[in-house]
Amino acid sequence: MESSQNRRSLAFLSQFTTTQLHLKNPFVVAFFSFSYPGFGQLINHRYAKAFILIGWEIFINQKANINIGIMYSLLGQFDQAKEVLNEKWLMLYVGMYMFSIWDTYRSTVELNKLYILADWENSTIKPFVMTSWNINYLDKRNPWVAVAWSVLVPGLGHLYIHNVITGLFIFGYSIAILYLSNIPEAINFTMTGEFQKATEILNMQWTLYLPSIYIFIIYDAFVSALEQNKLFEKELAKYFQTKYKNSKFKFPV
C-alpha cells in the first residue's frame, strides 16, 4: 500500500490489477459511454458502476430490440426500425443511457483534478505486489503488443498489461456475444465461399455489440499500456531522486 503520509494516491497495485490516476479527455471517455454504457466507467476503473450499467445495457437492449432498430435505420428502412422497437422498454433505456454519459464525464473531470493534486504531492507508489494468488509489478510494456492481442482475442491485451479484472470480464463477455451472434459459423461459411449462408446465420441483435467492444478494448489496452509505462518511469525517477545524490554534487576527490 502507499505511504500513509500521502493524502491522495497516484496508483494502487493489487494482485489482480493496476489502478491509476492519469489525465483523460472527458469527451473521449464520455464517447465510450455513448457508444456502450458502462465502458466509460471501465476506463475510469469504476468497476461496480461499469458492471451494473453494462448488465443493464444488454438486458434492456435485448428487450427493446435497439440493435435491430439501429441496423434498419442505417439501411434507411425507418418504417421497419419503428416496427421492431419495443417502446415500453425503450423508454426505460433513455434514463440509464443519459446517466452513463453524464456520470462518465463528471467523474473524469473530478479524477483529473485528483491526479493533479496527487502528482503535486509526489505520492509514493509501491511498484511490486506478491501474494499467494499472483504477482504484479511495474515495468515497461509495448502498447502495440497489447493492441495486437486485443485484436486477436478480446481481453488478452488487458491481461498482458495485468488489468486482470477488465481483461477477464471483456474476455468472457466477448466470447458470449461471439457465440450468441453465430460469428464463428459465419466465418466458417465465408471461408468456404458460402456467403449467403454466412449472411443468413448472423444474429444482428448480438453482432452489433461487437464494433463498440472492439473499439473500446483496442483504445483502452493501448492507453493503459502507455500510462503504466509513464507510471513506471515516474516511480523509478522518484526512487533515484531519494536514494542517490544530486547530479550536480561535487565530489571531494
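I began at the start of α7, where a side-chain oxygen of N142 comes to within 2.9 Å of the backbone nitrogen of W144. The model is predicted, so I kept to its limits: local features need pLDDT of at least 70, side-chain atom pairs count only at pLDDT 80 or more, and totals for chains, interfaces and linings use all residues. Numbering runs from 1 along each chain as its sequence is written, and side-chain values use heavy atoms, with hydrogens and water left out.

**Helix α7**

I took helices as DSSP runs of H or I, at least four residues, and strands as runs of E, at least two, numbered from the N terminus. Which residues of α7 (143-152) are buried? I found P143, A146, V147 and S150. They share one side of α7, because they cover an arc of only 100° around the axis. That arc is taken from the directions from the helix axis to the C-beta atoms. On the other side, W144 and L152 are exposed. Buried means under 20% relative accessible area, exposed over 50%, partly exposed in between (1.4 Å probe, protein chains only). I looked up what covers the buried residues; α8 (156-160) and α13 are included.

**Largest pocket**

I then looked for open space. On a 1 Å grid over the protein atoms alone, a pocket is an open set of points with protein on both sides within 12 Å along at least five of seven lines; in a cavity a 1.4 Å probe fits but cannot get out; lining residues have an atom within 4 Å of a point. Points are joined across faces, edges and corners, and a volume is the space filled by probe spheres set on them.

The largest pocket holds about 350 Å³. Its lining has 15 residues, with F34, S35, N67, I70 and S212 nearest the centre. Helix α4 gives the most, 3 residues. I sorted the lining by class: 10 nonpolar, 4 polar and 1 charged. Nonpolar covers Ala, Val, Leu, Ile, Met, Phe, Trp, Tyr, Cys and Pro; charged covers Asp, Glu, Lys and Arg; the others, Gly among them, are polar.

**Cavities**

I found 2 cavities of 30 Å³ or more. Helix α13 supplies the largest share, 4 residues.

The second largest cavity has about 30 Å³. Which classes line it? I noted 7 polar, 1 charged and no nonpolar residues. Again α13 gives the largest share, 3 residues.

Methods: Contact = heavy atoms within 4.5 Å. Polar contact = N/O pair within 3.5 Å; in protein donor to acceptor, adjacent residues only side chain to side chain.
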